[in-house]
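Here are some questions about the terms used for a structure and the values behind them. Each answer sets a value against its definition.

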Amino acid sequence: MDASLPAHMRPERSFQGFILALQRFWAEQGCVILQPYDMEMGAGTFHPATTLRALGPKPWNAAYVQPSRRPKDGRYGENPNRMQHYYQFQVIMKPSPPNLQELYLKSLAAIGIDSAVHDIRFVEDDWESPTLGAWGLGWECWCDGMEVSQFTYFQQVAGFECAPVAGELTYGLERLAMYVQGVDRVYDLNFNGREGAAKVTYGDVFLQAEREYSKHNFEVADTAMLFEQFKMAEAACRKYLEAGWKDGKREAHLMALPAYDQCIKASHVFNLLDARGVISVTERQSYILRVRELAKACGEAWIHTEAGGAA
Amino acid sequence: MPDLLLELFSEEIPARMQAKAADDLRRMVTDKLVAEGLVYEGAKAFATPRRLALTVHGIPTRQPDLKTERRGPKIGAADAAVQGFLKATGLQSLDEAKIQRDPKGDFYIALIEKPGRDAIDVLAEILPVIIRTFPWPKSMRWGSRSGKPGSLSWVRPLHAITATFGPETEEPDVVKFSVDGIETGQTTYGHRFMAPAAISVRRFEDYEAKLKAAKVILDPQARKDIIFADAKELTFAQGFELVEDQVLLDEVSGLVEWPVVMMGSFEPEYLAIPEEVIRATIRNNQKCFVVRDSKTGKLTNKFVLTANIEAADGGKVIVSGNERVIRPRLSDAKFFYETDLKTKLEDRLPKFEQIVFHEKLGTQAARIKRIERLAAEIAPLVGADVAKAKRAAHLAKADLLTEVVGEFPEVQGLMGKYYALAQGENASVAAACEEHYKPQGPTDRVPTDPVSVAVALADKLDTLVGFWAIDEKPTGSKDPYALRRAALGVIRLIAENNLRLSLVKVAASALAGLSVKSADAEKLPSDLLAFFADRLKVQLREQGARHDLVDAVFALGGQDDLLMIVRRVEALGKFLESDDGKNLLAGTKRASNILSIEEKKDKRAFDGAPDATLYSLNEEKALAKAIGEVKTEASAAVAREDFAAAMSAMAKLRPPVDAFFDKVRVNDDDAKVRENRLKLLNEIRSATRAVADFSKIQD
């Protein structure tokens, strides 16, 4: 931890200081620090900086915060740590550096978790995303029995082998910050590190949103519109993919990113429909499959783009 | 003789894979050594989260020289054949070959001597192959090399390989090879946090000792012993008792290199949750042990955790951290439990209409209806109250939709019982909610309450008949619906409760309840019966009992009362252990053998009653008389289901059978007498069929 920081910026006192400390740490490791992707998504992995950039031969090191929306996890602000909107901090390094575990442990030190007094462990956790057609091997990282991060070596994304393999780290920011700040309720997190009248809590920022969105996600979200949106996003994705092939030949692609946006959109719309409880068990599988097909087609387009490594 | 030390140092290996990996490493290396003519004295393999290690001691320094002879062409053969021979054997000219005299002509023989290689060179060749072909259940690529084809796959990134070879008294050599850019050496690393520095090692003894000094206990058994002993001591000191859990102990020992056991606590209010749920919460999510109060025998608000570090503050932060994780988990569990209690089990059932059990077998709701009907039908046969059996079958699956079971699938059934009791169901009905899943395996307890038995049988038979009807039978090692376990469950329920029921009838009734129509509906019950026979054999074999007797009993035909089959097999087994039994079996087999030879010769069967007037010898008459008596007596005993008595009756056949073979020549010159004697032999065979088909019994 940086001892020169003013009190209100210290990661153990301030949620934003905590995020800044992580960003600074990974910037120093050569990552580009991106801003959140401007679309609703269920996890930082959906960000094209991970999903698409994990594919192809070109080196890529990035870190970013991604607001993550899990409509089903909403609890009307009444659960101490379950929310339909929260932050993930995502790091991706391709190829995975040989000392990625050490870097991860140093990042914990940077946010105030001292490995001399904490029990830090790497516990098997294989990662699979059926909607992204992706899998990898790795661990959930434990600190004193609490899962604080996911650590994955991507083996496959969008149905394509990762060559080379990227290492991915995902930190659950609120949970880690709660641990470091010593609070049991996420809404009690000190957001800005100030005290007294100047103090802003996580609850000040997000509690109302949690209530409103829980009501929206579970009770009111317009399902007719959402069903329509799913279809439209799916069709648009296919259309852009088709139109993106340069000169109509399947050699170079010019629109992988806009097409992938529609895949992200379809995935989130599906999550909303799922939260509304209007998708039956059997239909559920087929929706997941439809999103996966889009993700795969986008992955294929991507590897035919310049950033995807096409010659 | 020299020893090998091999260590594969990697990122964290999943706990569940470590034991098998150590075993595979030992087996693969030693098998290969032996195949290379290097017979070793001993080998032992170890695993920690970050390393696989192997020591093989007493390996010869060199392979033995190998001498082989190779036969070449005949003397004077075509030049092409000679040149081919020289090339293949490496001889310079035919002068170096020997000549072998042979009646078919004289041949050139090449003597090829293959000098043995140094063991270290052999190791340098076999070890990289073993590493590249290591059978991890799941493996991965990593780093910059993963971009190229042919890169190494390992369970997690592999960082270093230590490989040394040498005798005890000397400085060992490094077995030089490289895999995917990793060069072998003699450098390893200690505990990730407490002693991360590089360590130079020479051979196994200093390797193990240096690791220990660097806070790594290499031997998994030693780690288990430490955890177990410390956990017991820690709990005992406070008047508590550790709830032992071997599976958890195995897992925890695979998560640490330096176990440090500590105790934490949680709020006593959570003890209101059922103990099994507390245990599942703490065990599954946190890999911690639960603790009992030794006086009351009840769970107490303590748990035992195993850290991987001697923390600078003595572990205060670690304990309070774990407590902070366990608290919300228990709070969730308590919330789930209390929420579940607010909904009656039957009110959950409509949801099953939406849940598909199997696409061809319909919804869970349909399945529950079938089980209800079948349980009601079975109830009178097993002494259960029909209404209670129906009620139990109605509710038994409802807990699958509760929050607690959703979170902890292993408490399915058990929660059903708690919720049933909480809503005031009859005790037998509640018990059946739990017990209808039993027995889960060959050692699991078999329920005895008739209501549980009726629902357990109905549940299993519906599953078996259903999957049989859609032709999803187990094949080879594949049994995705655990049908073998279900069949064994049925066998044990029937045998251990002394139940009488016709499986064919019950199966036919279960089949009639299915909406799907089976193509082989008529054959299905008997097919299924054959499957039961197989399971019974497997079970008997596993118990070390004779399993061939099952075939001997089933071969009688019309046997579908499992209890009677089991009883008969037991009595037969006992009988065949006696001298009378052994000799009668031998006599019956002899009769059968003679019969089958003569039947083949004459192309006819020798059935039908023998003609008493054709008996000329006393032994014939005595045998005929004995057969008559034994048949009557044995059949009567079988009718009484007294198989022991039937076997005693059989025993009376032995002296006349022995005497017959002793004194009587079957193939008499007089064709009529011969035929009559063969018919008498056939009578022996048919008399023994009162209890079993002796020809199916192995000697």
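Predicted model: local features only at pLDDT ≥ 70, side-chain atom pairs only at ≥ 80, totals over all residues.

Residues are numbered from 1 along each chain as its sequence is written, while chains are lettered from A and ligands numbered from 1 in the order in which they are written.

Q: Why is chain B called more spread out than a compact globule?
A: The globule rule is 2.2 Å times the number of residues to the power 0.38, and the radius of gyration is taken over C-alpha atoms. For 699 residues the rule gives 27 Å, and the radius of gyration of chain B is 36 Å, well over that, so chain B is more spread out than a compact globule. Its C-alpha atoms fill a box of roughly 100 × 100 × 50 Å along the principal axes. By the domain assignment (bounds from an automatic or database source), the C-alpha centres of domain 2 and domain 4 of chain B lie 72 Å apart.

Q: What makes β13 and β14 of chain B stand at the edges of their sheet?
A: Strands are DSSP runs of E, at least two residues long, and helices are runs of H or I of at least four, both numbered from the N terminus. Two strands pair if DSSP finds at least two bridges between them. The open sheet of 4 strands in chain B has the order β13-β15-β16-β14, with antiparallel pairing. β13 (240-242) and β14 (260-265) each have a single partner strand, so one side of each is left without a neighbour in the sheet.

Q: How do you know that β15 and β16 of chain B pair?
A: The antiparallel strands β15 (residues 289-293) and β16 (residues 299-307) of chain B are joined by 3 bridges, against the at least two that pairing needs. B:Arg292 stands opposite B:Leu299 in β16(B).

Q: What makes B:Leu572 in contact with B:Met647?
A: Contact means that the C-beta atoms of two residues, placed from the backbone, lie within 7 Å. Leaving aside neighbours within four places in sequence, B:Leu572 has such contacts with residues including B:Leu549, B:Met647 and B:Val691.

Q: Which strand of chain A gives the most to the side that touches chain B?
A: β4(A) does, with 4 residues. In total, 31 residues of chain A are in contact with 32 residues of chain B.
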